[in-house]
Amino acid sequence: MLVLGEHQSTVNPNMPLRCLMYVGRAYEQLVEKKARYRTTQVKIPTPEFYTFYNGTEEFPLEKELRLSDAFLDAPGGNSAELKVKVININSNKAHIILKKCGILREYSLFVDKVREHSIEEDSIKRAINECIRQGILSDYLKRKGSEVTNMLIAEYSYEEDIQVKQQEAMQKGRKEGRGEGLVLSAQIFRALQCNPSLTDAQIAEMVGCDLDDVESTRKAFGL
């Protein structure tokens with residue numbers, strides 16, 4: 001069995017594509033080059049893919065994402081398929097996995113504490129200290145508290161930057177009376193963020209817009 005898991009604080013429909021790349025790299029490491037050209041079949045571990053979501057955007061308790069949903073054309077009978085189970089581990093969702101896995105439960109509670117203190121000065125340090133006192137990931141936070149602080153500061157700064165840009169785009173759209181254009185711009189922005197390797201033409205086809213719309217969105221957000 002080969003289990004690949006990833007944590008996400010934002011909703012990302014491209015997890016199947018990312019997992020496809022992850023598992024490909026894993027198999028490259030597991031299977032010797034010579035073995036790939038043998039006349040006998042090479043046996044490989046059965047993969048399973050999971051994403052643990054704990055963002056603030058509303059999301060169901062569980063959701064299955066499929067690689068085929070990203071195909072430009074309807075998949076044929078011999079097309080590749082990859083399924084990722086996305087599990088919402090926010091404590092208020094009370095997924096059964098939080099009862100079965102103590103580490104995930106404590107991690108979920110830790111994120112709650114970070115959000116509770118988010119408007120306070122030194123919010124992350126306060127959340128870490130409170131969790132240590134309450135026995136939430138205490139051993140790990142005692143050893144890695146500074147690293148966790150730096151990681152969360154970087155993550156929150158990135159999310160705040162994205163939110164500010166989205167708010168600016170919304171304000172600009174309202175002033176220019178382009179409500180529909182704002183929705184389109186937001187869709188293009190998300191597509192550009194999730195698929196940085198795609199060309200403007202591919203983004204336009206994915207979103208269903210004109211190439212000029214993609215170019216103007218790139219210019220507006222400095223992408």
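This is a predicted model: local features need pLDDT of at least 70, side-chain atom pairs count only at pLDDT 80 or more; totals for chains, interfaces and linings use all residues.
In what order do the elements of the protein chain run from the N terminus on? I read them off as β-α-β-β-β-α-α-α-α-α-α-α. That gives eight helices and four strands in the protein chain.

**Entry: the whole chain**

I looked up burial next. Of the 223 residues in the protein chain, 33% are buried. The exposed surface comes to about 14900 Å², and carbon and sulfur atoms supply 52% of that. I also checked how far along the sequence the contacts reach. Taking contacts between residues at least 6 apart in sequence, I get 57% that join residues at least 24 apart.

**Entry: helix α7**

Which residues of α7 are buried? Going through residues 200-207, I noted Asp200, Ile203 and Ala204. Why do they end up on the same side of α7? They cover an arc of only 100° around the axis, so they share one side of the helix. I then stepped just past the end of α7 and found Gly208, which takes a positive phi of about 85°.

**Entry: Leu137**

Where does Leu137 sit? I found it in the loop between α4 (123-134) and α5 (138-175). Is Leu137 buried or exposed? Its relative accessibility is 13%, and the cut-off for buried is under 20%, so I put Leu137 down as buried.

Then I listed what Leu137 touches, skipping residues up to four places away in sequence. The partners are Ile103, Glu106, Tyr107 and Phe110. I also took a C-alpha distance from Leu137 to Leu104: the two atoms are separated by 9.7 Å, with the residues 33 apart along the chain.

**Entry: cavities**

Rolling a probe the size of a water molecule over the atoms shows where empty space is left. How many cavities of 30 Å³ or more are there? I count one. The largest cavity holds about 30 Å³ of space.

Which residues line the largest cavity? I wrote down Pro13, Asn14, Pro16 and Leu17, along with Arg66, Leu67 and Ala70. Sorting the lining by type, I get five nonpolar residues, one polar and one charged.

Definitions and conventions
Residues are numbered from 1 along each chain as its sequence is written. Side-chain values use heavy atoms; hydrogens and water are left out. Helices (H or I, at least four residues) and strands (E, at least two) are DSSP runs, numbered from the N terminus. Buried means under 20% relative accessible area, exposed over 50%, partly exposed in between (1.4 Å probe, protein chains only). Contact means heavy atoms within 4.5 Å. Accessible areas come from the Shrake-Rupley method with a 1.4 Å probe; for residues, only the protein chains shown count as cover. The arc is that of the directions from the helix axis to the C-beta atoms. On a 1 Å grid over the protein atoms alone, a cavity is a set of points where a 1.4 Å probe fits but cannot get out, and a pocket is an open set with protein on both sides within 12 Å along at least five of seven lines; lining residues have an atom within 4 Å of a point. Grid points are joined across faces, edges and corners, and a volume is the space filled by probe spheres set on the points. Ala, Val, Leu, Ile, Met, Phe, Trp, Tyr, Cys and Pro count as nonpolar, Asp, Glu, Lys and Arg as charged, and the others, Gly among them, as polar.
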